[in-house]
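Subject: Structure handover

Hello,

Here is the structure I promised to pass on. Please open it and keep it beside this email as you read.

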Amino acid sequence: MVEMAGDSAALPAKKPEDDAMKGRRTGRRRGALASAAFVMAALTGCGDFFVKPDNSGGGGTTSNNRVYVTNSLTSSSLAGFTIGTGTLTAVPNSPLTLDYAPVDAVVTPDNTLLYVAGPGAIYVYTINSDGSLTASSAGAGVAIVNVASLAISPDGNWLFGLDRTSSQLDEFQINKSNGSLSSVAAVPYSVTSGVVVPKMVRVSPAGNLVFAALGTGGDIVFTLNTTTGAVVSSQQLSLGSSTTSDNALAINSAGTYLYIARSGDNGGVAVYTIGSSGALISITGSPFAAGQQPNAVVLDSTGKYVYVSNGNDGNISGYSIGTNSALTALTGSPYASGTQVNSLGADKSGTYVLAGAFGGGPDLSMYSIDATVAGKLNPVTSTASGTDPAGVTAIALTH
């Protein structure tokens with residue numbers, strides 16, 4: 001396993017840069033204090049507050065369309081909801097109280113496991129047929145490492161963590177039978193300008209490229225050998241400004257364009273073509289104007305629209321994707337949201353966009369994509385994921 005170098009002042013992924021707020025500092029301090037005592041206990045299991053697996057359900061496209069929400073403000077918890085037709089219904093035993101402050105979460109491609117990053121460790125939970133969670137047979141804690149963001153390769157074999165204590169990408173091989181992790185490599189990288197603040201890691205749809213957003217440190221592209229898991233740093237995107245930060249990433253289904261939520265000077269939605277070995281070339285007109293503090297970005301399932309949350313404005317900007325991926329603001333954009341939305345996701349049905357808000361009001365919002373007014377977001381429902389504001393740090397959706 002990768003050894004934990006200790007907690008870091010580096011910020012979690014997908015947070016606004018203005019995170020000196022008291023609540024977030026409290027959450028991080030609580031997580032840092034809890035992690036040292038809890039990690040060893042977590043590596044042997046999580047006790048009885050997780051419900052037992054329910055294998056009697058029928059599953060299906062509707063029943064396993066779910067979103068999981070990590071909370072770290074009023075309490076450290078993990079909430080789960082089944083996505084219905086305009087509804088969000090809590091899964092059994094949700095929210096779960098955690099003994100660590102969760103930072104990020106990701107669901108495996110086969111929707112059987114949920115990995116959660118906390119201060120100093122990665123944890124894994126089995127997703128049962130009713131959406132409830134239980135500790136894996138290997139125990140909840142499966143790696144001692146301090147990461148800001150998680151991503152899984154499309155084949156479900158490799159898990160990546162963007163390290164918070166060192167300038168490196170941590171890689172693990174996933175045991176699909178029990179969720180345990182085997183350390184593969186810690187791949188170092190360096191930047192030529194800015195300060196590395198790990199924000200987000202994402203894997204291309206083909207699985208051959210890994211992208212990391214590093215705040216004012218820009219972005220790093222890695223090549224991935226999908227057979228062996230070998231990862232090599234191949235490209236660097238430098239921002240050349242200490243006041244510009246790349247905060248979140250989205251990749252189109254063809255793996256040909258990268259969309260970046262960028263804040264600060266010359267901020268907005270930056271769009272790049274993805275060339276050979278991940279070479280990034282800015283398209284004409286990029287970055288496209290957004291609001292204050294863009295910090296999350298998502299494409300709809302059709303690849304026709306892209307949405308970015310404006311953390312300091314309490315809204316979401318929407319764009320249609322045109323020729324050569326040029327963006328045009330959608331009718332009615334920006335759309336009202338909760339406070340400091342830092343996570344966006346599209347549900348597996350392709351019907352809804354979901355938004356998690358660190359500042360609550362509400363914690364979790366769900367929007368439908370208008371069929372008449374192209375791409376427009378219509379609020380459908382919302383819910384608290386804990387005691388609002390719960391301090392949402394991430395949302396993770398099933399595939």
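Below is what was found in it, topic by topic.

**The overall fold**

Please keep in mind that this is a predicted model. The protein chain has 1 helix and 31 strands. It has 399 residues, and 56% of them are buried.

**The salt bridge**

Side chains of opposite charge can pair when their charged atoms come close. How many salt bridges does the structure hold? The count is 1. Asp246 and Arg262 form it, and their closest N and O atoms are 2.6 Å apart. Asp246 sits in strand β18 (residues 244–251) and Arg262 in strand β19 (residues 257–264), so the pair ties together parts that are 16 residues apart in sequence.

Are the two partners buried or exposed? Asp246 has a relative accessible area of 0%, so this residue is buried. Arg262 has 6% relative accessibility, so Arg262 counts as buried too.

Glu171 belongs to strand β12 (residues 168–174). This residue is buried but has no salt bridge. Which side chain of opposite charge is nearest to Glu171? That is Lys176, 13 Å away. A salt bridge needs the atoms within 4 Å. So what does Glu171 touch, setting aside neighbours within four places in sequence? Its contacts include Trp158, Leu159, Phe160, Leu224 and Val231. Ser182, Ser183, Val184 and Ala185 are also among them.

Asp163 is in strand β11 (residues 158–163). Asp163 is buried as well, again with no salt bridge. The nearest side chain of opposite charge is that of Arg164, at 7.9 Å. Beyond neighbours within four places in sequence, Asp163 is in contact with Val145, Asn146, Val147, Gln168, Asp170 and Pro198.

**Val187**

Val187 is part of strand β13 (residues 181–188). Its relative accessible area is 8%, so Val187 is buried. Val187 and Val231 are 44 residues apart along the chain. Their C-alpha atoms are separated by 7.1 Å. Val187 also touches Val231. Other residues in contact with Val187 include Ser167, Gln168, Leu169 and Phe222, not counting residues up to four places away in sequence.

**The largest pocket**

Rolling a probe the size of a water molecule over the atoms shows where empty space is left. The largest pocket has a volume of about 1200 Å³. Its lining is made of 42 residues. Nearest its centre are Arg202, Ile251, Val298, Ala346 and His399. Which strand gives the largest share of this lining? It is β27, with 5 residues. Several strands supply at least two residues each, including β5 (104–107), β14 (200–203), β18 and β31 (392–397). By class, the pocket lining has 24 nonpolar, 12 polar and 6 charged residues.

**The cavity**

A search of the whole structure finds 1 cavity of 30 Å³ or more. About 50 Å³ of space lies in the largest cavity. It is lined by 12 residues, and those closest to its centre are Val91, Pro92, Asn93, Leu96 and Leu133. Strand β2 (residues 77–83) provides the largest share of the cavity lining, 3 residues. By class, this lining has 7 nonpolar, 5 polar and no charged residues.

**Backbone details**

Most residues other than glycine have a negative phi, and most peptide bonds are trans. Here are some exceptions to look up.

- Ser94 and Pro95 are joined by a cis peptide bond, with omega about 0°. Pro95 is in the loop between β3 (88–90) and β4 (96–97).
- The bond from Ser333 to Pro334 is also cis, with omega near 5°. Pro334 is in the loop between β25 (327–329) and β26 (335–336).
- Asn111 is not a glycine, and its phi is positive, near 60°. Asn111 is in the loop between β5 and β6 (113–118). Its relative accessible area is 12%, so Asn111 is buried.
- Gln293 is not a glycine either, and has a positive phi of about 65°. Gln293 is in the loop between β21 (280–282) and β22. At a relative accessible area of 11%, Gln293 is buried.

Best wishes

Conventions: Residues numbered from 1 in each chain as written. Predicted model: local features only at pLDDT ≥ 70, side-chain atom pairs only at ≥ 80, totals over all residues. Heavy atoms only, no water. Helix = DSSP H or I, 4+ residues; strand = E, 2+ residues; numbered from the N terminus. Buried < 20%, exposed > 50% of the residue type's maximum accessible area, 1.4 Å probe, protein only. Lys, Arg positive; Asp, Glu negative; His and termini not counted. Contact = heavy atoms within 4.5 Å. 1 Å grid on protein atoms, 1.4 Å probe; cavity = no way out; pocket = protein on both sides within 12 Å on 5 of 7 lines; lining within 4 Å. Points joined across faces, edges and corners; volume = space filled by probe spheres on them. Nonpolar A, V, L, I, M, F, W, Y, C, P; charged D, E, K, R; others polar.
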